[in-house]
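Here's a quick walk through one protein model. Have the structure open while you read.

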Amino acid sequence: MNTTRVRTLVNTLIVAAGYLMSRLLGVIRDVFITAQFGTSPEVDAYRAAFAIPDLIYLVVAGGALGTALIPVFQQQRHDAGDDAANRLASSILNLMFPILVVMSLCAWIWAEPLVALTTARGFDATQQQLTATLMRWLLLQPILLGIGGIFKAILEAHEQFSIPTLGANLYNIGIIAGAALFAPFFGIHGIIYGVLCGAVAFSVVQLPSLRRVGWRYASDAWQQTPGLTEVWRLLLPRIFGQSIWQINLASMIGIISTFGVGAVAASGYAMQLMLLPHGLVGLSIGTVMFPRLAQLFADGDDGAFAWTASRALQTVLAVTVPTSIVMWYAAPLIVRLLFQRGSFDDASAALTVTTMQGYMIGLAGFCVAEIAVRIWFARKNTRLPVLIGACAVILNVTLGWALTQSGNMNTRLFTIATVFSVANVVEATLLIGSLWYYNRAIIPMQRPLAWCIGIGGLMVLLQLASVLPPILNYGTISMHEFTTVLVHLLFYAGCGAWGIGWCSQGFGFVRARFASNT
């Protein structure tokens, strides 16, 4: 058991480091983009062009397929051996590839009406045409990422996490190369070329590791493969959930596109900053725990399953609550330090800060939902979390549209970001409530959460007691102001680390309690 825990810890650290690098590369990517394009109409079109390709990828081969394939893959390895599991993965690849090609081709044909009715409905005719052109290029992405997504699921089922994480980082490096090397010559199209190069690298880099774990592609594996029916049974509700979620994001972009020039770009930059801790904490822990939870469920070890699930939830809560408070108050400093240069002016910074603070409200809920959904999927229950997710999406779209019909751009951006956060908190609450109803051993302890909130409140008082310098007003940063920014960021980070340290002391009590229960 100790060996298993050590391996889980090592895998978590590997994935966390990989996700940290991925999110940092994402921020660096945005630094390059903001310096050249700021919050210009071209960036609005670039952000809007991703929605339909991302929808195709996520529905067919993204998180939906990974969460459906891994539990059945593990079950096949347990019951029939590695050869049967490998053949199952090949059959999924054989069925998925033509679906991706057909869907991408249809979106290519109807690109103009699609963007005009969805993500670019608030743009003028020139912006809509640019969005459609960029989207056509991006429709190669779901095909390339779909193949890599299957490879990633196979490796993660074998608890091989480093290479898939490296592939994700190469994807971001490709985009950075596009922004740094191609964009000066090809404009916004140069970033698209970088996206496609990164998507190719994501798939290719995983091939040697697939051979090492013993996977061989079987071109004759199709409908009659054992376990395929079970994958589809789990996949269909998840496809519905992913479709609703991506439609939710596309709807948000469509609403934001009506706010004015620069709103879509500012929202994208702010969400990227929110996704940094989300990837580091929520995704890294969820990625490592999911194959482990699936294996424990297949083995029938209910005690270890409950302990692992509860530990994951508590860890996420202990880290994300103080982190969200830190990032809320440090948002002006973070945005100025990272983005305010070149074409990214004071107005762009103000829009991004406002939106980022709205997203920070729901960071903890966003991360907790990531873990809770995987707990349900590991138990081969995809219907309940998908239903809860669909309700949260309906809440988000309805309130987002109703509450943003008036006001200036800053107010409307903050409102829609806050509504997004509220919907995520509601989803996390319902997911945890349902886990508590079915298995009370999984519900997280209240003490770590109480400590998080207490330390977070202390951090707020400390900041209010210290009068922030005038650098919070947007403007050019001098060397003195730059040093002051760093000092404040270190102060906030120190307070957050202190809070996390206090929270972690509760884990000894938690371990003892669950050891006695199981």
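## Where to be careful

Where pLDDT is low, the predicted coordinates should not be read in detail.

For the protein chain, the mean pLDDT is 76, with 78% of its residues at 70 or more. Residues 444-450 are another stretch to treat with care: pLDDT is below 50 there, and the model shows 15 contacts beyond near neighbours in sequence.

## H9 against H10

Now for a helix pair. Helix H9 covers residues 162-186 and helix H10 covers residues 188-204; their axes come within 6 Å and cross at roughly 155 degrees. Since angles over 145 count that way, H9 is roughly antiparallel to H10. The crossing of H9 past H10 is right-handed.

Which residues of H9 and H10 meet? On the H9 side they include Gly167, Tyr171, Gly174, Gly178, Phe182 and Phe186. Among the H10 residues they meet are Ile188, His189, Tyr193, Gly194, Gly198 and Phe202. Sorted by class, the contact of H9 with H10 has 16 nonpolar residues, seven polar and no charged ones.

## H14 against H15

A second pair brings together helix H14 (residues 302-329) and helix H15 (residues 331-339), packed at an angle of about 65 degrees with their axes 4 Å apart. That angle makes H14 roughly perpendicular to H15.

Met327, Trp328 and Tyr329 make the contact from H14, while Ala331, Pro332 and Ile334 make it from H15. By class, you get six nonpolar residues here, no polar and no charged.

## Two glutamines

Gln127 sits in helix H7, which runs over residues 125-138. Is Gln127 buried or exposed? Its relative accessible area is 9%, so Gln127 counts as buried. Setting aside neighbours within four places in sequence, Gln127 is in contact with Pro41, Asp44 and Ala45.

Gln160, on the other hand, lies in the loop between helix H8 (140-157) and H9. With a relative accessible area of 38%, Gln160 is partly exposed. If you leave out residues up to four places away in sequence, Gln160 touches Leu155 and Val213. Have a look at Val288 too: Gln160 and Val288 are 128 residues apart in sequence, and their C-alpha atoms are 9.5 Å apart in space.

Notes. Residues numbered from 1 in each chain as written. Predicted model: local features only at pLDDT ≥ 70, side-chain atom pairs only at ≥ 80, totals over all residues. Heavy atoms only, no water. pLDDT = per-residue confidence, 0-100. Contact = heavy atoms within 4.5 Å. Axes fitted to C-alpha atoms, helices over the stretch in contact; angles between N-to-C directions. Parallel < 35°, antiparallel > 145°, perpendicular 65-115°, else oblique. Left-handed = near helix turned anticlockwise from the far one by under 90°. Nonpolar A, V, L, I, M, F, W, Y, C, P; charged D, E, K, R; others polar. Buried < 20%, exposed > 50% of the residue type's maximum accessible area, 1.4 Å probe, protein only.
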